[in-house]
Amino acid sequence: FIYALVGMQLFSNRLHFDKVTGAHLGISDPNGEVPRSNFDDLFGSMTTVFQVLSGENWNTVMYDCWKATPIAPMYFMSLIVFGVFCALNLFLAILLLPFDGSELIMSNRVYPEGKPLNIEKQPSVDFFGLLRDKLPLSFCKCENIRQKHDLVRSMCDGFVTDKRFDLCLTAVIIMSSITLALDNPLRDPGSHVATTLKVLNYVFTTFFLAEFLIKVIARGSKKYAQDRWNLLDFTAVIASILELSNVEGGKTLRVMRAFRVLRPLKMINRFPEIKIVVDALLLSIPSVVDVGVVCALFFLVFSIFGVTFLKGTFYECLGPEARELDLITYPKLVGDMSNTEFSWLDASSESCGAEDWGAGKLPTSRELCDCLNGEWAKTVPQSFDNVIRGFALLFEISTTESWVDVMHSAVDQRGIDMQPVRDNNRLWAIFFILFIILGSFFILELFVGVIIENFSRLREIKGQGLMTEAQRQWASTQQFVMKIKPEVLIRRPRGKLRALCYDFIMPASNPWFNRFIVFIIIANSVSIATVSFGDSDNKTLVLGVLNLVFSSIFVIEAALKVITLGRSYFRNRWNVFDFSVVCGLIAGFTLQLTISDQHLASQISSLISLIRMGRLVRLIRLVRQLRAPFNTMLSVLPGMVNIGALLLLLLFIYAVCGVQLYGMQQFKGELNEKANFRSVGNAMLLLLRFSTGEGWNNFLHELMEERENCDASPEYDKASPWCLNENDYPNCREVNGCSAGASAFVYFYSFTMIVSFVILNMFVAVVLQAFDANNEGEILEPVDLEHFVSVWSEFDPGATWFINASDVQSFLSRLRPPLGMAGQEEKGDLYTKDPCLLEISVNNKKQVNIVNVATLLAKRLAKQKQGDNFAALSDDHPVSSRLTKKAKLDEATATLGDVYLKEASVILRAVVRFKKRRAAKQSENRLVHATP
C-alpha cells in the first residue's frame, strides 16, 4: 500500500508513450498511449506493485517509469529488495516454523518416532518370487537342483562383487548415455554415425541384459527386486528390448529410447551425498502427496469459479478495420444498422447467417466477426472453457508466468462471444491477485517447506533416533566447535626494521592500519565504479592517478608484511591471495608500459582494474559481519555440486526425451533457431531456461499451435536433406513436423513440478542448512572461540594442533570463562575432579588436540547450563564420527585422567620411598645415638 501511494506520487499520469516509437510524451499529447501497468489511480497502482512483487515483467514496468522520471530505478530496486527479497521470503520462513516437529513432516510413514531411521531397508515386493511360484513344479525342481549346485551362482557373485565389473559397468553407462545424446531423429538413418549408434545400441542392450541376468542369479530374484535401483535398471532393460524388437510405436517408441538414459541414475547409489538428496525426495513423497491434495482442492475451487464466470470469454476478433471493429465491439440491432454498416457484412459467407437475421436481432461480436471475414481468436493461449483447462491455467499462472496477460484478458472480457474492451471490469484483478497470493506465495510454498524440512532432518538424524532438544543443542555446539583452527603466534621481531614494520601494520599494536586498508579498498572500488562510457580526458586522468596511488598502497602493504613476517607471510591463505593480487597489478602495469598498441593497452588497463577489484574479497576477513555469509558460501559448495549433478542428470534425461519427441517440429514463434529441441545441447539450454520459469508455458502453447503444410510423420530424404544450418541451403528442405500432442503437457508439467518446484528448492535447503551450521552455537559465541584460539597459540605457536598434556592446567588458568577458569584459582581442585576435563584424550606423545579440548570444555559448559536434561550423542552419530576424525581420537592412547592418575601414582611411590628412606635414616640415627 505504501509503495502504491509513493508510485502514484512519482508516476501518476506520466506514463504516456508514442504508439509507434515508444518515446515518452507529455500528458496533453493526443497520440499518447498509457501502458496496462500504470500508477494513474490507487487500484491500478496496487495492481502494478503486486505485479512487480510477483516478478512478472517487472523490468518492463521499471523501464517505462524510467522514461518518465530518473528516480524510477531507486523506487523499483527498493521495492524488489524489501518486497521480494525480504517480505515475500517471510512466507517461507513462517511456513517452516509449524513444520518443526509437525505430524505432517514427522509422520510415521517418514520417520517412525522412537525408532531408528533406516532408509536402506525398504519393503519391496518379490515380483520374481511371485513369478516363480506360478511356474510349473518341474521348473521349481530344476531350480532346487540348481540351488544345490551353486557353482554358477558363486561365479556370478564373484562378477558382481568384483570392482573391475563395477568400473566396467560405470564406463558402459557413460558411453551408453553419450550415444543416446548423439541419437537424433534428424540424422540420416543411412549414415555411418547412425549405423554405428545402432550397433552400439545392440551391444549396450546385450551388456545390460547380461548384467541383469548375472545379478539375478548371484543375488536371487527376491534380493534383486528389493533394490529400487535394480528395478529401475530392469525397466531400462525392458524398454531397450522393446525398442530393438521392431515394435511399431512412432513417438511412443522414441520415448522408450529415452528410458535407456535412466541407467545413469544407478550411479547415484554410489555417491552418498547425492543419495541423501534422492532419499530426502523419496521420503518426502507421502507429505508431498498430502500437500498436493490440498493444493489440488484449492485449484479446483478457483477453477470452478473461473469456469462459471469466464468460460468462452478469452476471445477477440482480428482482421477487420477500425470502423468495423467499433460495430463488432458494440453491436447494434439489425434494424438500427445503417445501410453502410449492413453492407459491410458478407452475407454470402458460409460462416455468416446475416440473411436470416430479423430487425430485432442483436448479433454477438463473434457473429459480426464471422460476417466481416475476421478471425475469432484467443486473446491468450489459456482459457477457462472447462474445469481441466481452468486447472491447467491455474497451474501455469501459479508459477507467476503470464498471469498478468491472463488477468488483463479477464479484466477486458465482456461475456461469451463478445469483443473485449480494455479495463471493462477491473475487479477481476482481485480474483487473480488473490489466487497468486494463496496459490503461489502460500500453497506451493508448502511443497518447499516439506522438502526442506525432510532434507534437513534426514541429514541430521540419518541412522539415528529423533534427538531431544538438549541433544540438538549439544550437536549444534559440537559442529560449531569443530570449526576451530589454531593460528600461528606472530611474535615481535628483534630486528629494528622488522620490529618497526610490526608495530606499524599489526592490529595488536596499530589497529588503525587495517581500518585504513579497508578505507582504501572501498575507495578503490568506488573509483573503478565511476568509470563510464564517454568520460572526459580530465576525469580519465584523475582516475588513472587514483589507480596508481591505490595500487602503490597495496604493493607497499604487501612489502611491509613480507618484511615483517618473512616466510610466515605465505602460510596464511589470505596473505597468499593478497600477494597474488599485487603480483597481478605489477605484471599489468609492466605490460601496459611496454606495449604500444593502444587497444591492447586499454584492455590490460581493464584487466588491472579487475584484479584490483579482487581486493574486495579481503573485506570478508577484515569485517567480521561478512564472515558468516562467506563461510556459508564456501561450505555450501559441495552440496551445490551434488544437487547440481542431479539437476544436470535430469536436464539430460528431459533433453533426450525432448529431442526424440519435438526435434522435428516446424519453427514457429517461440520455437525458433535459438530455442528448439533439435539437439541435446540446445534442449539442455532451453530446459535450463525453463527451470527458472521463464516463458515455459508460452513455449508449450507454441508447440501445440497448428502448423500449415506440415508433415505428421516427416522422413529423411537423401535427395533433399533437412535444412539445419546455413551450409545446407539451397539444396535442402525445412523441417516441417506438425504440432505436438498431449504429451507436451505431461512433458512440461512434470518438468516444472520436478525441477522447478522440487530440485531447485533443494538448493534453498542446502543454503538454509549451511546457514544453520555456520551460525553461532546455542551455548557458545564466536568471541569465545576466538579467545580460545588466541590463548592456545601461546602454548602452540607453530599451530601444530597439539599442546603438551602438562600445559593443560596452565592453559585453563589463562582461558577466561565460560570455557576457561581464569580468575577461579580458588577452585583449583576442578582440574582434577571435573569429569569432562579428565576425558581429554592424550596421544602417545603426551599431547592433547585443540578440537578435543574445546569440545570437552564445551561439553562441561553444556552440562552446567542444561543440568539433568543433558544427553550425549551416541558414538555412531554423524557429528561424533566427524569429531573423532578431526580430533584424531583414534590415535589417542590415554586420557588426561589416566595421565593424572599415573603421575599421582609416581608421586605417591616417590613419597612412600621418601618416607621409607627417612624412616630408615631416623632408625640409623637412633642406633647411632643409642651406641655408647
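Biologist: Is the crossing in which H8 passes H9 left-handed or right-handed?

Modeller: Happy to start there, with the reminder that this is a predicted model. Helix H8 spans residues 163-182 and helix H9 spans residues 192-219, and the two pack at an angle of about 145° with axes 10 Å apart. The crossing of H8 over H9 is left-handed.

Biologist: By class, how many nonpolar residues does the contact of H8 with H9 have?

Modeller: On the H8 side, the contact includes Phe 165, Leu 169, Val 172 and Ile 173, and on the H9 side it includes Leu 200, Phe 204, Phe 207 and Phe 208. Glu 211 and Lys 215 of H9 also take part. Sorted by class, the contact holds two charged residues, two polar ones and 12 nonpolar ones.

Biologist: At what angle do the axes of helix H1 and H2 cross?

Modeller: H1 covers residues 2-11, and its axis comes within 9 Å of the axis of H2. H1 passes H2 in a right-handed crossing. As for the angle, the axes cross at roughly 115°.

Biologist: Which residues of H2 make the contact with H1?

Modeller: By class, this contact has no charged residues, one polar and seven nonpolar. H1 contributes Tyr 3, Ala 4, Leu 5 and Met 8. From H2 come Leu 42, Ser 45, Met 46 and Val 49.

Biologist: Which residue caps the N-terminal end of H2?

Modeller: H2 runs over residues 42-54 and reaches 18 Å from its first C-alpha to its last, close to the 18 Å expected. At its N-terminal end, a side-chain oxygen lies 3.3 Å from the backbone nitrogen of Phe 43. The residue that supplies this oxygen is Asp 41.

Biologist: How many of the 13 residues of H2 are buried?

Modeller: The buried residues of H2 include Gly 44, Thr 47, Phe 50 and Leu 53. Ser 45 and Val 49, both buried, also belong to the contact with H1. H2 is mostly covered, with a buried count of 10 of its 13 residues.

Biologist: What span does H14 reach from its first C-alpha to its last?

Modeller: H14 comprises residues 285-310, which is 26 residues. Its buried residues include Phe 298, Phe 299 and Phe 302, and the helix is followed by Gly 312, whose phi is positive, near 70°. The expected span is 38 Å, and H14 comes close to that at 35 Å.

Biologist: Why does Gln 382 count as buried?

Modeller: Gln 382 sits in the loop between strand S4 (375-378) and helix H18 (387-398). Apart from neighbours within four places in sequence, its contacts include Phe 314, Leu 393, Asn 697 and His 701. Buried means under 20% relative accessible area. Gln 382 therefore counts as buried, because its relative accessibility is 4%.

Biologist: With which side chain does the side chain of Gln 382 make a polar contact?

Modeller: Gln 382 is in contact with Ser 402, Val 406 and Glu 396, among others. The polar contact between side chains has a distance of 2.9 Å, and the partner is Glu 396.

Biologist: What distance separates the C-alpha atoms of Met 633 and Val 767?

Modeller: Met 633 belongs to helix H28 (residues 627-662), and it counts as partly exposed at 45% relative accessibility. Val 767 is 134 residues away along the chain. Their C-alpha atoms are separated by 8.0 Å.

Biologist: What percentage of the residues in the protein chain is buried?

Modeller: The secondary structure of the chain comes to 38 helices and eight strands. Of its 932 residues, the buried ones make up 44%.

Conventions: Residues numbered from 1 in each chain as written. Predicted model: local features only at pLDDT ≥ 70, side-chain atom pairs only at ≥ 80, totals over all residues. Heavy atoms only, no water. Axes fitted to C-alpha atoms, helices over the stretch in contact; angles between N-to-C directions. Helix = DSSP H or I, 4+ residues; strand = E, 2+ residues; numbered from the N terminus. Left-handed = near helix turned anticlockwise from the far one by under 90°. Contact = heavy atoms within 4.5 Å. Nonpolar A, V, L, I, M, F, W, Y, C, P; charged D, E, K, R; others polar. Expected span 1.5 Å × (residues − 1). Buried < 20%, exposed > 50% of the residue type's maximum accessible area, 1.4 Å probe, protein only. Polar contact = N/O pair within 3.5 Å; in protein donor to acceptor, adjacent residues only side chain to side chain.
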